[in-house]
Amino acid sequence: MKTNREDGDRVDGERHLKRQRIVDSPTSPSEEPLVPYNDDEDDERRVSNHMGGGEVGHRVASEEDDDDDDPYGQGSILEKPNRQIEVRRDCPYLDTVNRQVLDFDFEKFCSVSLSNLNVYACLVCGKYYQGRGRKSHAYTHSLEAGHHVYINLRTEKVYCLPDGYEINDPSLDDIRYVLNPRFSREQVEQLDKNKQWSRALDGSDYLPGMVGLNNIQKTDFVNVTIQSLMRVTPLRNFFLIPENYQHCRSALVHRFGELTRKIWHARNFKGQVSPHEFLQAVMKASKKRFRIGVQSEPVEFMSWLLNTLHADLRTSKRSSSIIHKCFQGELEVVKETQNKAIGEKKESGGEQNGTSNVTDGVIENNNNTAETYRMPFLMLGLDLPEPPLFKDVMEKNIIPQVPLFNILKKFDGETVTTTVRPPARMRYRVTRLPQYVILHMRRFTKNNFFREKNPTLVNFPVKNLELKDYIPLPAPTKENERLRSKYDLIANIVHDGKPDEGFYRVFVQRKSEELWYEMQDLHVSETLPQMVALSEAYMQIYEQQQ
């Protein structure tokens with residue numbers, strides 16, 4: 001065994017001497033220059049390095065980390081000499097690449113060591129292995145299974161093991177695009193005009209942006225939230241281009257951007273996406289408030305996600321973000337609280353009835369204290385009327401119906417909303433409308449014993465929701481600016497079933513053809529706009545007409 005290895009080393013040495021003679025000969029054909037190459041650098045800078053005034057037929061790269069002695073990319077105390085990595089176009093194993101088994105939606109961890117450092121994907125069986133040196137798991141797998149083509153999941157470079165040379169072949173570009181989808185600004189601008197379908201490897205057709213999301217375990221509340229936010233054009237366009245948030249160190253922001261690019265990518269190998277990496281980032285960022293296997297409400301997840309993305313994206317405390325530019329509006333709140341010191345004032349001979357003091361927006365009289373202030377909002381909560389307690393003549397509960405405009409009166413500045421803790425009377429008035437309005441119908445109530453669901457149907461328009469007819473809105477501040485108060489529905493989240501056992505689905509609009517689609521996890525089907533209005537609406541996103 002030892003003599004065979006020595007013979008192999010001697011043959012490698014002779015090949016190296018022959019290649020060196022070719023490099024030194026001035027009459028060698030010129031194809032590509034020598035370039036120094038470092039596997040662990042993100043920017044992948046390549047600097048030409050002409051040796052002996054001539055050029056070589058194969059490109060060679062220098063690698064600072066010797067994978068033979070440091071197979072896992074951990075670094076070493078001793079400095080090692082640069083090793084030459086051959087770059088070839090002709091690899092005899094390219095026909096063994098199996099695109100059917102490739103899935104880059106899951107976390108980039110070695111399947112043996114569970115490490116996320118220097119991970120390679122086997123393009124033959126789809127498994128992840130660490131390193132490519134002689135002591136690494138990928139090298140061992142190449143010898144045991146006979147699988148020879150591997151891609152570095154971070155640098156997107158493809159290598160042949162155990163030979164160790166880099167493969168530079170344009171036929172592998174489609175795998176790189178699936179691993180890391182990328183969009184130009186021109187492609188992003190044309191997304192809402194594209195009517196073309198894409199075809200997956202199994203022959204099924206899918207629409208970019210209308211792909212199903214895998215329900216890992218009770219994660220439908222995440223899926224419907226993501227599908228709804230994908231219809232918000234400025235938010236989607238922002239996250240499709242990674243340069244917009246490259247300054248951000250938050251893993252949640254980058255995972256959300258990756259998921260956005262995968263959903264809208266037109267060259268996927270399959271017609272669905274698994275949000276596994278995004279869910280792992282959500283579990284970590286929310287400290288397991290939202291986790292796989294535990295059902296949560298989409299409104300809580302939406303509120304947490306928007307606020308966390310805004311906090312991670314902003315560069316300073318006073319700076320804005322794409323989240324606030326899309327969703328933030330402003331409310332004027334008048335809060336009336338009962339004065340607790342009435343008895344004390346009477347004993348001390350204080351103010352008489354009918355008199356009041358006004359200080360800093362707080363109106364005080366001997367009974368109530370009214371405080372006026374303004375507060376921003378990202379979504380508006382709407383209260384549904386109570387369902388009937390008793391059955392009708394047909395021994396069935398009547399499911400009441402209420403127009404959306406009736407429950408929107410909560411924000412007309414006159415309707416009083418009573419809060420129990422702390423006891424107060426609140427009046428709300430919208431002073432600034434956002435570009436995208438999120439409405440939440442409060443269907444679920446909790447008491448000490450169980451959770452109840454309000455089945456009231458809300459009648460709402462799919463197009464041309466005119467808010468100024470029902471909510472008093474302020475006049476535009478600029479002279480030439482007109483008041484934009486007309487909205488169109490773009491997403492409608494629905495809850496079906498019992499409060500604790502039900503599931504969520506979402507209706508979304510495809511802007512290029514103005515068609516509506518019903519999406520429930522992996523199931524995507526076209527539907528009629530009339531069906532959207534017949535559902536038990538839970539949360540809606542309206543887009544302002546321009």
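# Notebook: a walk through a predicted model

**Entry 1: Ser198**

I started at Ser198, which is found in strand S8, residues 198-199. I keep in mind throughout that this is a predicted model.

Is Ser198 buried or exposed? I found Ser198 buried, with a relative accessible area of 9%. I then looked up what Ser198 touches, leaving out residues up to four places away in sequence, and got Ser204, Asp205, Tyr206, Pro208 and Ala266. Ala266 came up again when I checked the side chain: that of Ser198 reaches the backbone oxygen of Ala266 at 3.1 Å. I also noted Asn268, which is 70 residues from Ser198 in sequence, yet the two C-alpha atoms are 8.3 Å apart in space.

**Entry 2: the whole protein**

Next I stepped back for the overall figures. I have 546 residues here, and 45% of them count as buried. The secondary structure comes to 13 helices and 29 strands. For contacts with a separation of 6 or more, I read that 67% are between residues 24 or more positions apart. The accessible surface is about 29800 Å², and carbon and sulfur atoms hold 48% of that.

**Entry 3: helix H9**

I picked out helix H9, which runs over residues 298-313 and has 16 residues. From first C-alpha to last, H9 reaches 22 Å, close to the 22 Å expected at 1.5 Å a residue. Which residues of H9 are buried? My list reads Pro298, Val299, Phe301, Met302, Trp304, Leu305, Leu306, Thr308, Leu309, His310 and Leu313.

**Entry 4: salt bridges**

How many salt bridges does a search of the whole structure find? It finds 25, and I followed up a few of them.

My first stop was in helix H7, residues 251-263, where Glu258 and Arg255 sit 3 residues apart, about one turn of the helix. Glu258 and Arg255 form a salt bridge with the closest N and O atoms 2.9 Å apart. I looked up the exposure of both partners: Glu258 is partly exposed at 22% relative accessible area, and Arg255 is partly exposed at 24%.

I then went to Arg374 and Glu330, whose side chains meet in a salt bridge at 3.3 Å, N to O. Arg374 lies in strand S15 (residues 368-377) and Glu330 in strand S12 (residues 329-338), so this pair ties together parts that are 44 residues apart in sequence. Glu330 counts as partly exposed, at 21% relative accessibility.

Glu518 is partly exposed, with a relative accessible area of 23%, whereas Arg505 counts as buried at 14%.

I also wrote down a network: Asp103, Asp105, Lys262 and Lys270 are joined into one by salt bridges that share partners.

Where does a cis peptide bond turn up? I found one from Leu161 to Pro162, with omega near 5 degrees. Pro162 lies in the loop between strand S6 (158-160) and strand S7 (165-167).

I then noted two residues with positive phi. Glu156 has a phi of about 65 degrees although it is not a glycine. Glu156 lies in the loop between strand S5 (149-152) and S6, and is buried, with a relative accessible area of 13%. Glu514, also not a glycine, has a positive phi of about 55 degrees. I placed Glu514 in the loop between S26 and S27. Is Glu514 buried or exposed? Glu514 is exposed, with a relative accessible area of 52%.

**Entry 5: a surface patch**

Leu528, Met531 and Leu534 make a nonpolar surface patch of about 330 Å². Of these I followed Leu528, which I placed in the loop between strand S28 (523-527) and helix H13 (529-532). Leu528 is exposed, with a relative accessible area of 54%.

Definitions and conventions
Residues numbered from 1 in each chain as written. Predicted model: local features only at pLDDT ≥ 70, side-chain atom pairs only at ≥ 80, totals over all residues. Heavy atoms only, no water. Helix = DSSP H or I, 4+ residues; strand = E, 2+ residues; numbered from the N terminus. Expected span 1.5 Å × (residues − 1). Buried < 20%, exposed > 50% of the residue type's maximum accessible area, 1.4 Å probe, protein only. Salt bridge = Lys/Arg side-chain N within 4 Å of Asp/Glu carboxyl O. Patch = residues over 30% accessible without salt bridge, like charges linked within 9 Å, V, L, I, M, F, W, Y side chains within 5 Å. Areas by Shrake-Rupley, 256 points an atom, 1.4 Å probe, with all protein chains shown as cover. Contact = heavy atoms within 4.5 Å. Polar contact = N/O pair within 3.5 Å; in protein donor to acceptor, adjacent residues only side chain to side chain.
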